[in-house]
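Here is a short briefing on one part of a protein model. Please look at the sequence and the structure first.

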Amino acid sequence: MERGLRSYLLRTAGAVASRAVERRRRALTEATHPAAGDILRYLSRGAAFRDGLRTLVAGLEPPVAVVGHSLGGIIALDTLISTPLPQVGLLVTAGSQGPFLYESGSLPSLEHPAPLPPHVPAWLNLYDSRDLLGYLGAELFPGRVTDVPVDSGQPFPAAHSAYWTNPAVYRHIVDRLP
């Protein structure tokens, strides 16, 4: 009896939740589309972004630190994997999905489980445990990525945008500048 009741309650709760999501589908899509759409566009047509970063870095005096947040971190990582840029001495990512895309086989320039190419510079990966869009890279790339936790004190989703209001973020970057 208990097993049948539990199964019935789970089915009923699932049906109610499904109907609620179906009714809010448009609102949920509109809420997630800007960020997800940007990433999907980059993944399908990212060459111009990588070319732009390469051109920018080519005009700078070394040593250069490339700093990217969220999609910017994906673009920076992908560019540095695909092209040696010897003037770059440090890659800094904050709230980056780069490690997730790599592990899921979605990072355009590097197929999992291939290692980072030797030309990729030191990588400082800043993350906030409350930022559900920030992923760790040190376990995926042992000895190549330094994951450093920072605490914005903000809940998600505000934690994803709070890196640049946190003085600790800047201290970590300055401490590792080439």
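Which residue in strand 4 does Trp 123 stand opposite? Trp 123 stands opposite Val 145. The model is predicted, so local features need pLDDT of at least 70 and side-chain atom pairs count only at pLDDT 80 or more, while totals for chains, interfaces and linings use all residues. Residues are numbered from 1 along each chain as its sequence is written, and side-chain values use heavy atoms, with hydrogens and water left out.

**Strands**

- Helices (H or I, at least four residues) and strands (E, at least two) are DSSP runs, numbered from the N terminus.
- Strand 3 covers residues 122-127, and five of its six residues are buried (under 20% relative accessible area, 1.4 Å probe, protein chains only).
- Strand 2 (residues 88-94) pairs with strand 3 in the parallel sense over five bridges; pairing takes at least two DSSP bridges.
- In strand 3, Ala 122 is the residue opposite Leu 90.
- Strand 4 (residues 145-149) runs parallel to strand 3, joined by five bridges.

**Aromatic rings**

- The structure holds five aromatic pairs (Phe, Tyr or six-membered Trp ring centres within 6.5 Å; planes under 30 degrees apart are stacked, over 60 edge-to-face, the rest tilted).
- Tyr 102 and Phe 141 have ring centres 4.5 Å apart and planes at 40°, so this pair is tilted.
- Tyr 102 lies in helix 5 and Phe 141 in the loop between strand 3 and strand 4, so the pair ties together parts 39 residues apart in sequence.
- Trp 123 and Phe 141 have ring centres 5.9 Å apart and planes at 40°, so this pair is tilted.
- Tyr 102, Trp 123 and Phe 141 form one aromatic cluster.

Technical notes
Buried means under 20% relative accessible area, exposed over 50%, partly exposed in between (1.4 Å probe, protein chains only).
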